[in-house]
Amino acid sequence: MDDLLERLRAGLPAEALLTDPDVTASYGNDMASFCEAGNPAVVVLPRTVEQVQHVMRTATELRVPVVPQGARTGLSGAANASDGCIVLSLTKMDRILEISPVDRIAVVEPGVVNAVLSRAVGEHGLYYPPDPSSWEMCTIGGNIGTASGGLCCVKYGVTAEYVLGLKVVLADGRLLNTGRRTAKGVAGYDLTRLFVGSEGSLGIVVEAVLALRPQPPAQLVLAAEFPSAATACDAVCAIMERGHTPSLLEIMDRTTVRAVNKLAHMGLPETTEALLLAAFDTPEPAADLAAVGALCEAAGASEVVPADTAAESELLLQARRMSLTALETVKSATMIDDVCVPRSKLGAMIDGTAAIAEKYDLTIGVCAHAGDGNTHPVVCFDHLDPDESRRARESFDEIMALGLELGGTITGEHGVGVLKKEWLARELGPVSLELQRGIKETFDPLGILNPGKLF
């Protein structure tokens, strides 16, 4: 320990090192439940690429594991510390280095908060679409590490589609440049995409070139009440089949709607079994909403209410963004799943989750990025009740199994981390798993980068 601290101090300012056990323990984990976490030996908060390189050279020489972290808003345990590790918190590397309206790119450090970037590029008439629900807290580096999504993915896609190039510090301290800042480029293997979603297991992202889009018009939102999740999902299928491109298409089940109302008194319709939110940011969104409203009514909606103004639309979006926070108030703990299925199977996924909730006598609320088929079943339980905690874990696993049975994946945007690594092996199969472990060994032969995650 003394040798580690001495070597780190040789290349870092004093304020970049945190060694107080009470302080370092606070960096032990992200927001996931049921994920083991250790006690870090030291927390390092670098401000420069050179400081990150120094940390990695030191870690390689001493064979000390390194766990990279952003804002720790993740939900899979990917940022959880291991015993005796160096926690490398990148939150101080928070500069927006460049915004280019001509090239439509932003160059940023990993600690830039998503919402801060979005507002900064908005001042130039530009738009950075990926918007996780935690966008006011989560960092771009964390978004890249877990391949985050968000509410607007149905039209604009996920983080992976906006990362053009990266600077990455490798396990031995070398600096790797990947990708490009041009609109096109196919030179060599796509190492940039390899790092997106790698959860800090292949290298430390210290800079990113991000693609931007022109700022779209303000969106208008429609809310539609349905007597069942199945009819709401029928409406989703009809909307997508008819070729509509909403900027947002979200579902909240009855449990979620009631939780949001209880927390924020928003006046959402508690009699509904499923509330569908659809939004358009087209030049004439009212016409698009009318067309989608008609499809909702044809699918069985009991009421369809289009917003008249951007302010009304924002209220509805706030209700959706509050879903996870509201469900956290139902019981003392939650497990937030992240199962993505084909859109055509969305109804079966939501109904199947309700059956699992009944089987285990648990409250499980579901909100979903319906346009992507990406569901977020939230298992609410009392963490002080051993039997209820056991049932929560078993229901969580059964939900993932259901997703795979329906042709889906165990994670659409939260990542694997500690929480789902056993399930990753089931989804990938032995051949893919062997190849992916081989890639990990190529980039990290000593196995010091975020050990115990993914595999």
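**Exercises on a predicted model**

Arg320 is found in helix α11 (residues 310-321); helices here are DSSP runs of H or I with at least four residues, and strands are runs of E with at least two, numbered from the N terminus. This is a predicted model, in which local features need pLDDT of at least 70, side-chain atom pairs count only at pLDDT 80 or more, and totals for chains, interfaces and linings use all residues. Residues are numbered from 1 along each chain as its sequence is written, and side-chain values use heavy atoms, with hydrogens and water left out.

**Exercise 1.** Describe how helix α1 and helix α3 pack.

*Solution.* Start with the axes, which are lines fitted to C-alpha atoms over the stretch in contact, with angles running from 0 to 180 degrees between N-to-C directions. Those of α1 (residues 2-9) and α3 (residues 49-62) come within 10 Å and cross at roughly 150 degrees. Angles under 35 degrees count as roughly parallel, over 145 as roughly antiparallel, 65 to 115 as roughly perpendicular and the rest as oblique. The two helices are therefore roughly antiparallel.

Next, the residues: Asp3, Leu4, Arg7 and Leu8 of α1 meet His54, Val55, Thr58, Glu61 and Leu62 of α3.

Note on methods:
Contact means heavy atoms within 4.5 Å.
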